[in-house]
Amino acid sequence: MTDMPLKPAQQSRLRIFLDSDIFYMFKKSPVAILSTIVVAILVLSAVFAPLIAPTNPFDPASLNLMNGFTGPMTPNAFTGDSFLLGTDDQGRDVFSTILYGMRVSLFVGVAAVLFAMVLGITLGLISGYVGGWTETIIMRTADVQLTFPSILVAMLIFGVAKGFTPVEYRDQMAIWVLILAIGLSDWVQFARVVRGATLVEKRKEYVEAARLIGRTPFAIMLRHILPNVLSPVLVIATISLALAIIAEATLSFLGVGAPATQPSLGTLIRIGQGFLFSGEWWILLFPAVTLLVLALSVNLLGDWLRDALNPRLR
Amino acid sequence: MLRKLSYAALIAAFAPAAYAEEFTWAVTTDPQTMDPHAVNSAPVLGFLNNVYEGLVRRGQDMAIEPALATSWELIGAGEGWRFNLREGVTFQDGAAFTAQDVLFSYERAASEEADTSSWFSPVSEVVVVDDFTVDIMTTSPNPIFPDSIANWMIMDSGWAEANDAVRPNPDGNYATLNTNGTGAFSITNREPGLRTVLEPHADWWGEAAHNITRAELTPIQNPATALAALLSGDVDFINPVPVQDVARLKNHANVKVIQGIEARVIMLGFPHEAEALKYSAETTQANPFADPRVRRAVAHAINVPAILQTTMRGTAEAVNQLVSPAMRGYSDTLGGEAVFDQAAARGLLAEAGYADGFSFGLKCPNDRYLNDEAVCQAITAMLAQVGMRATLDAMPVQNYWPELRADNYDMYLLGWSPGTFDAEHPIRFLASTPNEEKRLGSWNFGGYSNARVDELLPIIQSEVDDLKRQAMLDEVAQILQDETAYVPLYVQPLVWGARANIDLVQRPDNFFILRWVTVN
């Protein structure tokens, strides 16, 4: 710190963060520290996959089918090539495929949660602040959607969207359609929480004051209410991220998600499942463990965050 | 302890009696219709062979044997064939079988709406001589005609008329879901995609060799799931067994693997007639596959031995023509086939003006042939290595055939098993110029056309001398190879799995015949 002096503003912000309750609780929680480290490692290795991975599994021209079904750390009988975690049925290096697959999974997960968050917050703010018919329509829609399992809703949206996509773009569009499907199936949680919090906040004096000085409803919602309802949203977003990653894996596992030529973790598990009886366990096991570790650590982090932000649990 | 014992006694006393002759089997593809004339595909015809019957049928060794006809002979010098029908046969609803039903079934199966009409391209007329004699007249002498109609199934005319199913309907009618055949089994419950229940036809004319009282067909699309069901005893028979599991399954005490080479050749097809590629990012004004050099480059680019070794685990055999060596009329004289050679493939592409390659769309089924999607993925990678960048679109077979019929492909995967077990069959269906009137080339999706092939086909069909016939078949095989009309890849293996207490017969056409099953 000493040889890299910070600007006063930055310094004070960092100071505030380091002195905050939340950071103090973080330091006290081994679970939180561990899961943060795991998530950080996984995210970084996904982001820098092209630098870490020995091969590019998304480039079909680089594959050699004769390398198929090579066991972990054992040289292939025909080509003599050796792979850290073995290869799958197409001769793809499982380690590289996991790194690239995790990229797809994380990207879809984060983007879907962001999409759900923006949609949910907007609709939640509007229905909480405006009330009346607008609120009834939005919240009853949310209630109806809640009665369906979200994976079913996502499959429905995916199916409809795929029907509208021309075949030649289907592979490129599959990722975006996945994001749309998972995001649309997940906005309800955000909308309900934000609406509840907005109903509480809009009766407080500072909102009244803002209204009195003539600020527009849009400005009040965005500048005054939103910052005060964000902390529960943060908790939901973290937990939703774990759920979205699993939802993506489920969809891809069922064969309706990421295409086989650009596999996500779920696609890899689906491919590996076909070779479980024949003894090629590594094709299934390594992607499955990666998915488990990723989803578990994000979830633990979310749980910790929920406890940490809940004043009643302190 | 006592209670446990009594439970065991209870199970021992009741279970075998209740389930002994019930038989459940699982397949990847549910037969898409119950109408024997609506779809000419093996899952449909193979299944319906248990319910409907033809004039002739194939025995365990694939030889033609009497079924609804007891005997048949050539009329005159070959103007047609006379079939003497079996008397005392009843349909499953009790109606009697007569020559009128044969005439009706001919008109139905040869109609424009039927997918089976090309079987009758040599037929000029069907004449009812009396109640139990039918003459089928042919336009020219046709020595293999009885061989070619083993899958032509006879439907009751009265039943079809009463239920408004006189013609097959691709969109579905009464006969799509209901059946009324003369076969050994009748369908008591049909739930498409879920289950189909069969029970023995009490008044069947034949001697029942099976001991089944109730049979159930369940489609299980995922081969690993089907295998798990077989291992746990939920089903008694599965087709196919995933090739990767064969080695392990052979050591399993409760399960057996029945293996053979199927008559089915897996190949790649091309849009010969198309003006331009449909799914290309840059080649939108031209069709590279119209150039035989590009098609031959495809053949050079594919490492078939690697597919056989890795994806098919050594269970399949390479092939250089549209039929397997086990078929009548297989060409031994064929020479100059394209072997795996990436440099040659690149050279041919450059010669054809595609030195930088091009992108296109590859269509593939994912529930029809053994490892079809994995094979297509491997092909995608191999083609990419010489510059042909394919976008793979794999789909269930239900959507697959309509897509091919609508010309929505730049290259496609096809498996062909000649119903007649003769090399003439794929020429008629896959290599003849499509001609609806003559009912030729009905599965020649790409519209491949060669005047010499079209000229030879009718001569092959009526040639009685085996040597002369073979010379013409050799010539056609050589033309198809020189022009790379298709890229034949390999002969698909037959891998069936059954519980150890099941006795059954595997026919090389992959038809599963229920009346040869014994539950021990």
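# Briefing: chains A and B

Going along the sequence, chain A reads α-α-α-α-α-α-α-α-α-α-α-α-α. That makes 13 helices and zero strands, where helices (H or I, at least four residues) and strands (E, at least two) are DSSP runs numbered from the N terminus. Keep in mind that this is a predicted model: local features need pLDDT of at least 70, side-chain atom pairs count only at pLDDT 80 or more, and totals for chains, interfaces and linings use all residues. Residues are numbered from 1 along each chain as its sequence is written, while chains are lettered from A and ligands numbered from 1 in the order in which they are written.

**Chain A overall**

- The C-alpha trace of chain A spans about 80 × 55 × 35 Å along its principal axes.
- Chain A has 314 residues, and 42% of them count as buried; that label needs 20 or more other C-beta atoms within 10 Å of a residue's own, with 12 or fewer called exposed, anything in between partly exposed, and C-beta atoms placed from the backbone.
- Take the contacts in chain A between residues at least 6 apart in sequence: 67% of them join residues at least 24 apart. A contact here puts the two C-beta atoms, placed from the backbone, within 7 Å.

**Helix α5 of chain A**

- Helix α5(A) covers residues 94-130, which is 37 residues, and its first and last C-alpha atoms are 52 Å apart, close to the 54 Å expected at 1.5 Å a residue. The expected span is 1.5 Å times one less than the number of residues.
- This helix is mostly covered, with 28 of its 37 residues buried.
- Just past the end of α5(A) sits G131(A), with a positive phi of about 70°.

**Where chain B touches chain A**

- On the chain B side, 26 residues are in contact with 22 residues of chain A.
- Four elements of chain B each supply at least two residues to that side: α7 (223-232), α10 (304-311), α12 (372-384) and β15 (388-395).
- Helix α12(B) gives the largest share, seven residues.
- By residue type, the chain B side splits into 12 nonpolar, 10 polar and four charged. For the bookkeeping, Ala, Val, Leu, Ile, Met, Phe, Trp, Tyr, Cys and Pro are nonpolar, Asp, Glu, Lys and Arg are charged, and the others, Gly among them, are polar.

**Two domains in chain B**

- Chain B is assigned domain 1 (19-254 + 500-519) and domain 2 (262-493); the bounds come from an automatic or database domain assignment.
- The centres of domain 1 and domain 2 of chain B, taken over C-alpha atoms, are 29 Å apart.
- The contact between these domains takes 26 residues from domain 1 of chain B and 29 residues from domain 2 of chain B.
- The domain 1 side of that contact divides into 11 nonpolar, 13 polar and two charged residues.

**The four-stranded sheet in chain B**

- An open sheet in chain B runs in the order β4-β5-β7-β6, with antiparallel pairing; two strands pair if DSSP finds at least two bridges between them.
- Its edge strands are β4 (69-75) and β6 (123-130) of chain B, each pairing on one side only.
- From one strand to the next, the twist averages 20°.
- Helix α3(B), residues 99-109, packs on this sheet and touches β5, β6 and β7 of chain B, with its direction at about 165° to that of β6(B). Such angles run from 0 to 180 degrees between N-to-C directions, with axes fitted as lines to C-alpha atoms, for helices over the stretch in contact.
- Strands β5 (80-85) and β7 (133-138) of chain B pair in the antiparallel sense over five bridges, and one bridge puts G80(B) with M137(B).

- Strands β8 (185-191) and β9 of chain B are antiparallel partners over six bridges, with F185(B) bridged to P200(B).
- The two form a hairpin with three residues between them, and G193(B) in the turn has a positive phi of about 80°.
- Three bridges join β9(B) to antiparallel β10(B), residues 214-219, where A215(B) stands opposite L198(B).

**Strand β12 of chain B and its partners**

- Strand β12(B), residues 255-269, runs antiparallel to β17(B), residues 487-499, with 11 bridges joining them; V257(B) stands opposite G497(B).
- Strand β12(B) also pairs with β16(B), residues 411-416, in the antiparallel sense over five bridges, and M267(B) has L414(B) as its bridge partner.
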